[in-house]
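Okay, thanks for coming, everyone.

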Amino acid sequence: HACGYVGPVQALAPWGVEESPEILAAVGPELVLLSRAGRCSGFRPFGTSLIHGIVPLRDREQVVVFGGQAVCLLSAVSHNQWRCEASYTSSDWVLAASIAGLSKLVLALAHNQAEVVQIGAGEAASCVGCVRAPASLLYSAALMEGDDQHFRVVVGTVFSVIQIWSGRAEPGNRTAAVEHELKGHVGVLFGLAWALGGEAILSASDDRTVRLWTTAAGSATLDSAVHAKSSEWTCRTVLKGHKARVWDAQLIRLGSSWVVASACEDAVCRLWAARDGRPLRELKGHVGRGVRAVVALGTSALVTGGEDGDVKMWPLDPIQSDADQSLTPRSSGWTKSWSLLPHAREGVQDWVR
């Protein structure tokens, strides 16, 4: 591997069109484009510094990448050719990023604050606003993509508490009040994800569980029921079964059912029925210290990135065929595997169980 980096796949994101989906993977300092045909050479937006997050803006053919305090907005010039449109160095460690309107980025930072960054064409990126919530050191954060005036953030504190707050993506310094606190985890929060248009949140924790939190509207969506009106959040499901820390979790749609996919240090990606928490599948193939990231490619495939430097694409066809039959865990299928590190072998086949 050209950069000589040996370590985990830190982040994944879908890319390309639905008919020919591709995957963006962050491995060390490189942004790597993967497709069914193979892998392309990597691009290094930060030189030798690591990439920790990828935010695709596919309708604009752009992607935001961040690592440490560095942030970069990239435009796709051609296949796997990138141009840096704007770069920015934050005042603190960046945990999450999102676009706000046409010319702003919102960055969630490690000390429970957000920076609003102007990224106008032909201008140097600059901080135009800062929103601070009650002080707490964070392990994780996730931003809802907003308009050019508002944004919403969910954060995981070192005290195992989830906080939800919102801010205005406008110039000036402001203080935000915590709107909701979600309690139940007994370990730090390593991963958070918004789902169902902001009516559900997934949390992955050091306590070896994943929790699915919903509003009344989010719960009604999972139950295919009439939407109720309530802004209160409740823990819908606690998913137990992993044997180590859980790094990431995502909610995906299969047929008429909703499924939670979780990535864990025990080297297994597990699938669960979101409606009642039943375990459905174990996706085994990564080795070492586990699965770091998981993302869905529409309803056709699930993609995982591991500590072993592998990115694996798991076909969802056999799982989706069971979706309208209570998702019984009985079928199996092969994966496609890309090896991004020197010691790994490309084309390894693993089992969906």
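**Cysteines, cores and charges**

Let's start with C84, which is partly exposed, at a relative accessible area of 40%. For that word, buried means under 20% relative accessible area, exposed is over 50%, and partly exposed is in between, with a 1.4 Å probe and protein chains only.

Quick housekeeping: this is a predicted model, so local features need pLDDT of at least 70, side-chain atom pairs count only at pLDDT 80 or more, and totals for chains, interfaces and linings use all residues. Residues are numbered from 1 along each chain as its sequence is written, and side-chain values use heavy atoms, with hydrogens and water left out.

C269 is in no disulfide either, with the nearest cysteine sulfur, that of C264, 9.8 Å away. And C269 is buried, at 0% relative accessible area.

The largest one has 19 residues, and V106, L143, F151 and W165 have the most contacts inside it. Strands giving two or more residues to this core are strand 9 (94-100), strand 10 (104-109), strand 11 (113-118), strand 13 (138-144) and strand 14 (150-157). Strands here are DSSP runs of E, at least two residues, and helices are runs of H or I, at least four, numbered from the N terminus.

Then there's a second, separate core of 18 residues, and C264 is in it, along with L239, A244 and V260.

What does V106 touch? Leaving out residues up to four places away in sequence, its contacts include L143, F151, A114 and A169; contact means heavy atoms within 4.5 Å.

Next, strands 26 and 27. Six of the seven residues of strand 26 (residues 291-297) are buried, so this strand is largely enclosed by the rest of the structure. Its partner is strand 27 (residues 301-306), antiparallel, over six bridges; two strands pair if DSSP finds at least two bridges between them. A296 has L302 of strand 27 as its bridge partner. The two strands make a hairpin with three residues between them, and G298 in the turn has a positive phi of about 60°.

Last topic, charges. A salt bridge is a side-chain nitrogen of Lys or Arg within 4 Å of a carboxyl oxygen of Asp or Glu, and that rule gives 14 of them. One is E30 with R44, closest N and O atoms 3.5 Å apart. E30 is in strand 3 (residues 30-35), while R44 is in the loop between strand 4 (38-39) and strand 5 (53-57), so the pair links distant parts of the chain, 14 residues apart. E30 is buried, at 4%, whereas R44 is partly exposed, at 34%.

E170 has a salt bridge to R168 at 2.9 Å, N to O, and one to R174 at 3.5 Å. Is E170 buried or exposed? Buried, at 16% relative accessibility, while R168 is partly exposed at 33% and R174 is partly exposed at 28%.

Terms used:
Core = buried A, V, L, I, M, F, W, Y, C linked by side-chain atoms within 4.5 Å. Disulfide = S-S within 2.5 Å.
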